[in-house]
Amino acid sequence: YFLIGADSLLSFTKWKFPSVVAKNAKVCVAGRVDSDIENAILVFKKKYGYKPIILPFTGCCSSTETREYLYLGLNAEKFLPYKVSEFISENNLYQPDEYHKFLREHSKEKRLVHTVGVITTAMFYAKRMGADVNKAKLAALLHDVAKYLDKNDYPDCEIDNDVPDSVVHQFLGAYVAEKVLGVKDEEILGAIRWHTTGRPNMTLL
């Protein structure tokens, strides 16, 4: 048996060798069944010859949320059985990349928890609106990267003197994302730069 979430069923036919997966294991789907999922079930049955097994799901979190907790060094035990949490710890799984390392070093715990919430929300709406989900995820991850940084430590970052203190972090955040963390995508940088105030003619992201 191969267990996937309902959202994964929607993209299953685009996987690498999906027919091999469907042939060698019975696909099971856990999650809320809506009209999109019902249609995906019909497509699956037509392509692979059987209906995936639908399992009721009453959990309270997503795998993305759980992974982000782990990457950011937050306590994810509320999402995981003890043995799973223990295995992850003993085997040093889910090590942070440079973005998560920077956030862990320069953010407070409550801000990291907030960031995870923004990531899951941004990804949800990106999927719903047809925006780039990966870009939305990275922009959300870094949107508050400068929340606790001092602009005086980054003298090359030009911020107008009349900018209120409460929104300085959006401009400084875009600077840090680009100059310190190496983000080059201007749409992602723009999403960080204007996430508090917005601006005219914003992109979908």
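Analyst: On a 1 Å grid over the protein atoms alone, a pocket is an open set of points where a 1.4 Å probe fits, with protein on both sides within 12 Å along at least five of seven lines; its lining residues have an atom within 4 Å of a point. Grid points are joined across faces, edges and corners, and the volume is the space filled by probe spheres set on the points. The model is predicted, so local features need pLDDT of at least 70 and side-chain atom pairs pLDDT 80 or more, whereas totals for chains, interfaces and linings use all residues. Residues are numbered from 1 along each chain as its sequence is written, and side-chain values use heavy atoms, with hydrogens and water left out.

User: What volume does the second largest pocket have, and which residues lie nearest its centre?

Analyst: The second largest pocket has a volume of about 540 Å³. Its lining comprises 22 residues, and Ala139, Ala191, His195, Leu204 and Leu205 are nearest the centre.

User: Which element gives the most to that lining?

Analyst: Helix α7 does, with six residues. At least two residues each come from α7, α8 (133-142) and α10 (186-193). Helices here are DSSP runs of H or I with at least four residues, strands are runs of E with at least two, and both are numbered from the N terminus.

User: How does that lining divide by class?

Analyst: It has 14 nonpolar, five polar and three charged residues. Ala, Val, Leu, Ile, Met, Phe, Trp, Tyr, Cys and Pro count as nonpolar, Asp, Glu, Lys and Arg as charged, and the others, Gly among them, as polar.

User: And the largest pocket: how much space lies in it?

Analyst: The largest pocket holds about 1400 Å³ of space. It is lined by 29 residues, with Ala6, Asp7, Ser8, Ser62 and Lys127 closest to its centre. The lining consists of twelve nonpolar, nine polar and eight charged residues. At least two lining residues are supplied by each of β1 (2-5), α1 (6-10), α3 (35-48), α4 and α7.

User: Lysine 127 is on that list. Is it buried or exposed?

Analyst: Lysine 127 counts as exposed because its relative accessibility is 51%. Buried means under 20% relative accessible area, exposed over 50%, and partly exposed in between, with a 1.4 Å probe and protein chains only.

User: Where is lysine 127, and what does it touch?

Analyst: Lysine 127 is part of helix α7 (residues 109-129). Leaving out residues up to four places away in sequence, it touches Asp7 and Val133; a contact means heavy atoms within 4.5 Å. From its C-alpha atom to that of valine 167, 40 residues apart along the chain, the separation is 27 Å.

User: Now glutamate 68. Buried or exposed?

Analyst: Glutamate 68 is buried because its relative accessibility is 3%. It sits in helix α4 (residues 63-71). Its contacts, apart from neighbours within four places in sequence, are His100, Val116, Ile119, Lys137 and Leu141.

User: What about tyrosine 69 and phenylalanine 79?

Analyst: Tyrosine 69 and phenylalanine 79 are also an aromatic pair, edge-to-face, at 4.9 Å centre to centre and 85° between the planes. Tyrosine 69 is in helix α4 and phenylalanine 79 in the loop between α4 and α5 (82-90), ten residues apart. Tyrosine 69 is buried at 6% relative accessibility, and phenylalanine 79 is buried with a relative accessible area of 15%.

User: Which residues form the aromatic cluster?

Analyst: Phe2, Phe12, Trp15, Phe44, Tyr48 and Tyr50 form one cluster.

User: Last, the chain as a whole: how many helices and strands?

Analyst: The protein chain has ten helices and three strands. Buried residues make up 37% of its 205 residues. Its C-alpha atoms fill a box of roughly 65 × 45 × 30 Å along the principal axes.

Methods: Rings of Phe, Tyr and Trp (its six-membered ring) pair if their centres lie within 6.5 Å; planes under 30 degrees apart count as stacked, over 60 as edge-to-face and the rest as tilted.
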